[in-house]
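Hi,

Here is the structure I said I would pass on. Have a look first, and my notes follow below.

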Amino acid sequence: MTPYFEARNLRKSWPGTRIDFSCSVEKGKMLGIAGHSGSGKSTVLRIIAGLLEADGEDERKTEPAAPSEPLILRLDGRDIGRLVPSKRNVGMVFQSAALFPHMRVDDNVAYGLRCAGLGKKQSRMQAAEFLKNFGLEGFASRYPESLSGGEAQRVSLARTLIVRPSLVLFDEPFSSLDAPLRKKLAADIRDLQKQIGFTGILVTHDINEAKAMCDTVTVLKKGRQTWTGSPDDFNEALL
């Protein structure tokens, strides 16, 4: 069966490090990419999102003949490797919520809808309704400065998911939060994934987070995949 998302021959090199990565993710599932800081996890996400070029991408875009073992980024049957970030239908949730401080919560969440051409009133209505899925009913008119860290990350997640991206990338979204809140948000996202059905890739260095949120885990060590398997079999010794 053809995977919903597939990355093959994703490579990136710089002095002292070389990333060589491949993966596939079924629709509605979550892949965890685990590893210590500097292992290349976030770099992989940035290449998938189109925010960073992989080695050989310039050749892939300009050469009439494909190089050997070319980069493959395929999402829902589309080759997204040749597309600009805004055309890939990939959402990303960062370590920082990165909300617009001058916008109300509903306008932050509705930002993608407005960019797609929906009117202000309609987009606000959709955002206010969507916020209920994140336990944020009644937060629509508040501003980011009044939110706790956990609330801000929920708003950031709502902003990402409201435009229905085909793939959601999570770049250690809970790293700045305390352990109890991390655990709760991890469970909440897992529940939302079951409700909404989005497909995701989570970057993490936290074993418990990977076990709580992921269907499959792959381990990166200095850019190399050293293990892939069930989260039930994932342990400290593999990092």
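Let me start with R182: setting aside neighbours within four places in sequence, R182 is in contact with F174, S175, L177, D206 and E209 (contact means heavy atoms within 4.5 Å). With E209 there is also a polar contact, side chain to side chain, at 3.2 Å (a pair of N or O atoms within 3.5 Å; within protein, one must be able to donate a hydrogen and the other to accept it, and residues adjacent in sequence count only if both atoms are side-chain atoms). R182 is buried, at 13% relative accessible area (buried means under 20%, with a 1.4 Å probe and protein chains only).

Before going on: this is a predicted model, where local features need pLDDT of at least 70, side-chain atom pairs count only at pLDDT 80 or more, and totals for chains, interfaces and linings use all residues. Residues are numbered from 1 along each chain as its sequence is written, and side-chain values use heavy atoms, leaving out hydrogens and water.

R182 sits in helix α7, residues 179-196 (helices are DSSP runs of H or I, at least four residues, numbered from the N terminus). That helix also gives the most to the lining of the largest cavity, with 4 residues. The lining includes F174, L185 and D188 (a cavity is a set of points on a 1 Å grid over the protein atoms alone where a 1.4 Å probe fits but cannot get out; lining residues have an atom within 4 Å of a point).

Cheers

Conventions:
Helices (H or I, at least four residues) and strands (E, at least two) are DSSP runs, numbered from the N terminus. Buried means under 20% relative accessible area, exposed over 50%, partly exposed in between (1.4 Å probe, protein chains only). On a 1 Å grid over the protein atoms alone, a cavity is a set of points where a 1.4 Å probe fits but cannot get out, and a pocket is an open set with protein on both sides within 12 Å along at least five of seven lines; lining residues have an atom within 4 Å of a point.
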